[in-house]
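Please study the sequence and the structure shown below.

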Amino acid sequence: MPITRVKPQPPLRTAPNRPPPRLPELPRPPHLLLERLLRAAAASGAASPDVLAKGKMRYMTICIACHQPTGMGLPMVFPSLVKSPYVNGPTDRFAAIILKGNIGAFTVDGKPFNNVMPPQEAVLRDEDIAAVMTFVRSNFGNTSGPVAPDVVTAARKKFADRKTSWTQPELDAWK
Ligand code: HEC
């Protein structure tokens, strides 16, 4: 029986062995309604249920991991946000804390911590930060007013070149 010769086939076209080009990351579009609601809340001094719900959603996906559902943190590891001067004090300082995070020895309510809070500037938009600030400032026993997104925008701009997180002495010398 004659040997049938298999006609050579062209090589299969496979995907080139290199990763696909990385698309530039697009910024998330601003949440215009939330911005408007936050400005109205800051102007009137009272946050609407919608604003608080948005802020709570952010808290429950990010801050909760460390500061806990109660806002009370965990002894020795995560400080409490309850009646904290960093929460209820200057809003540009609180915004700066969320944007850049904290590092090093930190005493809150007489209790020492020495841990790291990761910066959130790449994760949260200004209006998300203002909403979570507004939520925290009016929950967990805190009774401070709502925060306009413009406070966060200004802080983001002011500290745009800063690469490091805040230390407590810097925050306590806040001007
Ligand atoms: C991965 C854990 C972690 C996450 C997530 C986190 N924090 Fe923190 N946070 C810390 C730690 C740790 C400190 C203290 C830093 C230190 O020890 O130097 C701190 C400090 C703070 C402080 C100043 C001290 C105080 O108790 O008042 C505030 C305010 C604060 N965090 C708010 C927030 C808010 C709001 C969010 C969510 C947007 C958040 N943190 C997310 C761990 C975290």
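The exercises that follow treat the ligand shell, a core, a hairpin and a helix.

The model is predicted: local features need pLDDT of at least 70, side-chain atom pairs count only at pLDDT 80 or more, and totals for chains, interfaces and linings use all residues. Residues are numbered from 1 along each chain as its sequence is written.

**Exercise 1.** Describe the shell of residues around the ligand.

*Solution.* Step 1: A residue belongs to the shell if its C-beta atom, placed from the backbone, lies within 6 Å of the molecule. There are 29 such residues, and Cys63, Cys66, Pro79, Ser84 and Met117 come nearest.

Step 1: Sort the shell by class, where Ala, Val, Leu, Ile, Met, Phe, Trp, Tyr, Cys and Pro count as nonpolar, Asp, Glu, Lys and Arg as charged, and the others, Gly among them, as polar. The shell holds 21 nonpolar, 8 polar and no charged residues.

Step 2: Find the contributing elements, which are DSSP runs numbered from the N terminus (helices: H or I, at least four residues; strands: E, at least two). At least two shell residues come from each of helix H2 (49-67), helix H3 (85-88), helix H4 (91-100), strand S1 (102-108), strand S2 (111-117) and helix H5 (126-137).

**Exercise 2.** Identify which residues of the largest nonpolar core touch the most other members.

*Solution.* Step 1: A nonpolar core is a set of buried Ala, Val, Leu, Ile, Met, Phe, Trp, Tyr and Cys residues joined through C-beta atoms within 7 Å. A residue is buried if 20 or more other C-beta atoms, placed from the backbone, lie within 10 Å of its own.

Step 1: Among the 33 residues of this core, Leu38, Ala95, Ile129, Ala130, Val132, Met133 and Val136 touch the most other members. H5 makes the greatest contribution to the core, 7 residues.

**Exercise 3.** Describe how S1 and S2 are joined.

*Solution.* Step 1: Two strands pair if DSSP finds at least two bridges between them. Here S1 and S2 run antiparallel and are joined by 7 bridges. Ala105, for instance, has Asn114 in S2 as its bridge partner.

Step 1: The two strands form a hairpin with 2 residues between them, and Asp109 in the turn has a positive phi of about 55°.

**Exercise 4.** Is H4 mostly covered or mostly uncovered?

*Solution.* Step 1: H4 is mostly covered, as 8 of its 10 residues are buried. Phe94 and Leu99 are among them.

Step 1: The buried residues of H4 pack against H3, S1, H5 and H6, with contact meaning C-beta atoms, placed from the backbone, within 7 Å.

Terms used:
Buried ≥ 20, exposed ≤ 12 C-beta atoms within 10 Å, placed from the backbone. Contact = placed C-beta atoms within 7 Å.
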